[in-house]
Amino acid sequence: MRKGVVVTMADVALAAGVNKSTVSHVLNGTRIVSDSTRELVLEAISATGYRHNVVARSLATSTTMSLGLAISSAANPYFGDLIRAVEASASAAGYMLMLADTHDDADVERRVVEELLGRRTDGILLAPSVNAIDRALPYLESTGAPTVLIDRFVDAELDQVGSENTDATARLVEHLAEIGHRRIAMVCGLRGLPSTSERVDGFRRTVAALSLDDDPGLELDGGSDAARAEQVVHELFSGPARPSAVVVGNNAMTIGTMRALRRLDLRVPADVALVCYDDFEWADLFEPRLTAMEQDVARIGGIAVDLVVQRIRDPSRPARRQVLDPTFRHRDSCGCHLSGARPA
């Protein structure tokens, strides 16, 4: 087409040798089109330089083919991975993703949810903050917006998906106890978050069940933040009664924990055994390689998008809650190899 000439859907139909309605069905997914015809239309779109007018389509169909993702601390390595997983699944489903960082602040969270809906997103995916149950969630329920809670479970009749936390954390503590540790610390996430509460419950349950050192001072408030975790770990391990092992509640705090131990010239695992909830893509490149609970981030993101798309199509269906078991990645930082056991 000549420069400056607006390419229309009729031009695409002419180039592909199909009806204009067929082009519309390919673009909007409103009817099944054969693979061969779809390919002809896509080739014509590319050849003509046609740009689908999303605004016009949204006015005609009351949809924008966009989803809003409101999530805390996009700088957290886990949430960075989760954002990529959600975006990939949304794109595969034909949706654009709009991202907002709530900073785990209930007022900010309520505002960004309102703004995402104000931009006419078709659905919302939300990692709820500590006080979401009192702020953002009642608002979302009042609007009837298709909503899926991701990563953190709350007591609400909404679609939800995330990882199991309690038994998984208990397994980490059990593993340390199995290789002889009795005084075990835990670096806990932001207080009030459901995921934090569940992981702390797993820690406490196992400490009690195995009669480990039940010292309240071994529960450190890491605030789900690397800098905060570094501070509290440095304070504990600088003292006279330091633990022999530590469980870290997420991968942002693992970074802070390792920094603190390095500042104190404490070696992992020779001086301190370390295990963590949340794996890193590069955890087996660490020295030592990290023993961790790995969440299936790609699957969480895929299920979240699938749930919200289903909710958009059928608002009346019952709410679903999907809990995925994380995978225990047994490597070196727990120190098994020092006692003769061989990490996987």
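Predicted model: local features only at pLDDT ≥ 70, side-chain atom pairs only at ≥ 80, totals over all residues.

Reader: Which residue does Arg152 pair with, and how far apart are the closest N and O atoms?

Author: Arg152 pairs with Asp104, with the closest N and O atoms 2.8 Å apart. The two residues are 48 apart in the chain. Arg152 is in the loop between β4 (147-150) and β5 (159-163), while Asp104 is in the loop between β2 (96-101) and α6 (106-118).

Reader: Is Arg152 buried or exposed?

Author: Arg152 has a relative accessible area of 4%. The cut-off for buried is under 20%, so Arg152 counts as buried.

Reader: What about Arg317, which side chain does it meet?

Author: Arg317 meets Asp159 in a salt bridge, at 3.4 Å from N to O.

Reader: Next, Glu178. What is its partner?

Author: Glu178 forms a salt bridge with Arg171, and their closest N and O atoms are 3.9 Å apart. Glu178 counts as exposed, because its relative accessibility is 58%. Arg171, at 29% relative accessibility, counts as partly exposed.

Reader: Switching to helices. How do the axes of α10 and α11 cross?

Author: The axes of α10 (residues 226-237) and α11 (residues 251-263) come within 7 Å and cross at roughly 40 degrees. That angle makes α10 oblique to α11.

Reader: Is the crossing of α10 and α11 left-handed or right-handed?

Author: The crossing of α10 and α11 is right-handed.

Reader: Which residues meet there?

Author: From α10, the residues are Ala226, Ala229, Glu230, Val233, His234 and Phe237. On the α11 side they meet Ala252, Met253, Gly256, Thr257, Arg259, Ala260, Leu261 and Arg263.

Reader: How many of the residues in this contact of α10 with α11 are nonpolar, polar or charged?

Author: The contact of α10 with α11 divides into eight nonpolar, three polar and three charged residues.

Notes
Residues numbered from 1 in each chain as written. Heavy atoms only, no water. Axes fitted to C-alpha atoms, helices over the stretch in contact; angles between N-to-C directions. Helix = DSSP H or I, 4+ residues; strand = E, 2+ residues; numbered from the N terminus. Parallel < 35°, antiparallel > 145°, perpendicular 65-115°, else oblique. Left-handed = near helix turned anticlockwise from the far one by under 90°. Contact = heavy atoms within 4.5 Å. Nonpolar A, V, L, I, M, F, W, Y, C, P; charged D, E, K, R; others polar. Salt bridge = Lys/Arg side-chain N within 4 Å of Asp/Glu carboxyl O. Buried < 20%, exposed > 50% of the residue type's maximum accessible area, 1.4 Å probe, protein only.
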